[in-house]
Amino acid sequence: MSFMNTLKRSLGYEDVEGSENESSFSFSEFINNITNSVKNSRTQPQQNGNVQYEHAPKPQQAPRSVPVQDEFDDYDVITPEQSFYEIVLIRPKTLDDINYMVDQIIEEKNPVIVDLSFLEKESDLNFKLAGEKIRQIRENHGAQALLLTRTEDKNLIILAPEKVKLVNKG
């Protein structure tokens, strides 16, 4: 018995024995039979003895006298002042670069990663000024600073405004 005959029989489309030969199967006829059967089953119940399945009714819930609290209601939703933070990498070379770094932290409320290696090598005065500015924004504006790395060619510090918490777990 072929696959298509087995499929037809399992779907309830088996012809009376001997009415058709197994090799004379027409796929378009099969599709038409399925389409007609579906149309007929919508208008009248099936009469060939197959069970027609219906969706079970949804169970009724008893009315609740006490409101149920969602488990997530206990948490506070934190909404930042802006939708995202930009973390800027700055390699200050002039006083304007240092002032831009300070503006990013104080006014824009963005964390900044600062590479002070150029100032440390080239301009001792600007390096001290950058250190002083970092100290002032920490004391006066509550900014936080963490040393990320200090090597011969890098001196990376991350600076963040007061509302962005930096945690050192090292």
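**Figure 1. Ile 105 and its contacts.** In this predicted model, Ile 105 touches Asn 110, Val 112, Ile 137, Ala 143, Leu 159, Ala 160 and Pro 161, leaving aside residues up to four places away in sequence. Ile 105 itself sits in helix 3. Is Ile 105 buried or exposed? Its relative accessible area is 2%, so Ile 105 is buried; the cut-off for buried is under 20%. Take one of the contacts, Ala 143. Ile 105 and Ala 143 are 38 residues apart in sequence. In space, their C-alpha atoms are 7.7 Å apart.

**Figure 2. The whole chain, for orientation.** How many helices and strands does the chain have? The secondary structure comes to five helices and four strands. The chain has 170 residues, and 20% of them count as buried. Contacts can also be sorted by how far apart the partners lie in sequence. Among contacts with a separation of 6 or more, 50% are between residues 24 or more positions apart. The chain exposes about 13,800 Å². Carbon and sulfur atoms supply 50% of that area.

**Figure 3. The salt bridge between Arg 91 and Asp 115.** Side chains of opposite charge can pair when their charged atoms come close. Here, Arg 91 forms a salt bridge with Asp 115. The closest N and O atoms are 3.5 Å apart. This pair links distant parts of the chain, with its partners 24 residues apart. Arg 91 lies in the loop between strand 1 (88–90) and helix 3 (95–106). Asp 115 belongs to strand 2 (residues 112–115). Which of the two partners is buried? Asp 115 is buried, because its relative accessible area is 5%. Arg 91 has a relative accessible area of 53%, so Arg 91 is exposed. The count for the chain comes to five salt bridges.

Figure 4. The next salt bridge joins the side chains of Lys 128 and Asp 124, at 3.8 Å from N to O. Lys 128 counts as exposed because its relative accessibility is 55%. Asp 124 has 48% relative accessibility, so Asp 124 counts as partly exposed. The cut-off for exposed is over 50%.

Figure 5. Glu 132 and Arg 135 meet through their side chains in a salt bridge, with N and O 2.2 Å apart. Both residues lie in helix 5. Three residues separate their positions, about one turn of the helix. Glu 132 is partly exposed, with a relative accessible area of 29%. Arg 135 also counts as partly exposed, at 37% relative accessibility. Which residues make up the network? Salt bridges with shared partners join Glu 132, Arg 135 and Glu 139.

**Figure 6. Asn 126 and its contacts.** Asn 126 is another residue of helix 5. Its relative accessibility is 17%, so Asn 126 counts as buried. What does Asn 126 touch, apart from residues up to four places away in sequence? Its contacts are Lys 93, Leu 95, Ile 98 and Leu 119.

Figure 7. Glu 86 lies in the loop between helix 2 (27–43) and strand 1. At 42% relative accessibility, Glu 86 counts as partly exposed.

**Figure 8. Asn 168, after strand 4.** Asn 168 is placed in the segment that follows strand 4 (155–160). Is Asn 168 buried or exposed? Asn 168 is exposed, because its relative accessible area is 63%. Asn 168 and Leu 146 are 22 residues apart along the chain. Their C-alpha atoms are separated by 7.7 Å.

Note on methods. Residues are numbered from 1 along each chain as its sequence is written. This is a predicted model: local features need pLDDT of at least 70, side-chain atom pairs count only at pLDDT 80 or more; totals for chains, interfaces and linings use all residues. Side-chain values use heavy atoms; hydrogens and water are left out. A salt bridge is a side-chain nitrogen of Lys or Arg within 4 Å of a carboxyl oxygen of Asp or Glu. Helices (H or I, at least four residues) and strands (E, at least two) are DSSP runs, numbered from the N terminus. Buried means under 20% relative accessible area, exposed over 50%, partly exposed in between (1.4 Å probe, protein chains only). Contact means heavy atoms within 4.5 Å. Accessible areas come from the Shrake-Rupley method with a 1.4 Å probe; for residues, only the protein chains shown count as cover.
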